[in-house]
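Have the sequence and the 3D view ready.

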Amino acid sequence: MEKEDILAWLRTTDENELIKLWQMADQVRQQNVGQEVHLRGLIEISNICVRKCGYCGLNIENTAIGRYRMTEDEIVECAHEAASFGYGTVVMQAGEDHGIATEWMTGLIQRIKRETSLAVTLSLGERTDEEYQTWFAAGADRYLLRFETSNRTLYDRIHPPLAGQPSDRIALLRRLKQIGYETGSGVMIGIPGQTYDDLANDILMFRELDLDMIGVGPYIPHQATFLGNPELTTYADKTVQVPNSEEMTYKTIALSRLVCPRANIPSTTALATVNTESGRELGLSRGANIVMPNVTPRKYRALYEIYPSKACIDETASDCRSCMSRRILSIGRTIGTGRGDSPNRAKHRE
Ligand code: SAM
């Protein structure tokens with residue numbers, strides 16, 4: 001698929017054409033990653049963040065939220081709960097929290113690997129090369145780092161670098177892959193200032209990076225961010241600006257499946273937030289094959305407010321598990337067993 005084809009799909013409003021896109025994506029998903037939907041238990045281990053991202057409610061300047069960092073025992077308990085639910089993976093995600101020390105994280109990874117058979121995914125933002133290597137050596141299997149947008153100017157605007165430390169997530173992703181991680185990335189759909197051309201380039205970048213995992217979701221404005229001010233939307237011209245809509249998210253999921261047939265693609269919480277009724281199921285029917293039920297203790301969930309009205313914040317881990325299982329089975333899919341590794345894993349580790 002070439003850029004012109006991607007652009008044509010992103011711009012089409014023809015219902016019949018879109019049905020074709022959903023069917024193609026579903027077929028390619030079935031042929032390449034099968035009927036199983038793998039469940040990854042998500043633990044939001046800290047909401048402390050040093051960054052000033054213009055989209056994210058965890059940004060350091062938001063003083064309206066209480067901050068937390070879970071203890072090692074709390075996290076390990078969540079990992080055991082995930083294992084008891086039959087999940088094959090835990091994803092430990094956090095703001096960019098420099099209080100998460102290298103050695104502490106190393107010990108935590110080693111403990112989870114020793115006490116469970118779970119695959120371990122990290123999503124801790126931009127850390128040093130040494131940390132990435134140390135955590136991989138400690139047993140971490142996968143790393144998720146969204147590049148957010150492939151448009152460098154837009155990226156610099158929405159994701160200001162830390163003083164004296166240029167931020168290049170695309171370079172970091174290449175490095176993570178070289179270290180041996182199964183590597184995941186993604187973008188937000190409809191960031192103010194994101195053009196159709198940008199989104200087409202993002203999808204091509206997924207292919208160029210040969211990603212193992214691709215997570216995309218609609219951008220949801222948060223009032224405690226500088227992008228949350230609607231007057232700052234750069235392209236009021238709707239023929240240029242990508243909408244942060246549900247449909248645009250399905251298109252991006254479907255196109256990601258077509259350009260990266262073997263990738264693991266989640267039907268994300270942001271999608272479930274814009275359509276609580278059936279967003280997860282529609283994502284799964286239009287190219288996705290992963291869901292990430294939340295196993296974070298309930299007392300912390302509302303504090304991990306990257307965007308407002310986030311789905312699933314009032315549920316227990318057990319509620320999330322039942323809800324996800326019901327949704328998966330309702331669309332005739334099966335619940336994945338095992339770790340749900342990337343089909344490319346063996347290739348990366350040669
Ligand atoms: N700190 C780590 C990082 O930056 O990679 C992981 C946590 S970060 C909160 C996880 C992802 O949430 C980001 O990569 C971003 O794509 C998404 N996100 C943040 N704010 C969002 C918003 N307002 N709408 C939609 N997604 C958002």
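In which loop does E148 lie? E148 sits in the loop between β4 (142-144) and α6 (152-158); helices here are DSSP runs of H or I with at least four residues, strands are runs of E with at least two, and both are numbered from the N terminus. Before going further, please keep in mind that this is a predicted model, in which local features need pLDDT of at least 70, side-chain atom pairs count only at pLDDT 80 or more, and totals for chains, interfaces and linings use all residues. Residues are numbered from 1 along each chain as its sequence is written, and side-chain values use heavy atoms, with hydrogens and water left out.

Back to E148: its phi is near 70°, a positive value in a residue other than glycine. With a relative accessibility of 7%, E148 counts as buried, where buried means under 20% relative accessible area, exposed means over 50%, and partly exposed is in between (1.4 Å probe, protein chains only).

Now move along to D210, in the loop between α8 (196-209) and β7 (213-214). D210 is not a glycine either, yet it has a positive phi of about 50°. Its relative accessible area is 30%, so D210 is partly exposed.

Next, please find helix α9, residues 246-259. Twelve of the 14 residues of α9 are buried, so the helix is largely enclosed by the rest of the structure. Among them are M248, Y250, I253, L255, L258 and V259, and also K251 and R257.

Zooming out, the protein has 14 helices and ten strands. Its radius of gyration is 19 Å, close to the 20 Å that the globule rule gives for 350 residues, so the protein is as compact as a globular protein of that length. That radius is taken over C-alpha atoms, and the rule is 2.2 Å times the number of residues to the power 0.38. The C-alpha trace spans about 50 × 45 × 40 Å along its principal axes, and 58% of the 350 residues count as buried.

Finally, look at contacts, meaning heavy atoms within 4.5 Å. Among those between residues at least 6 apart in sequence, 78% join residues at least 24 apart.

Methods
The expected span of a helix is 1.5 Å times one less than its number of residues.
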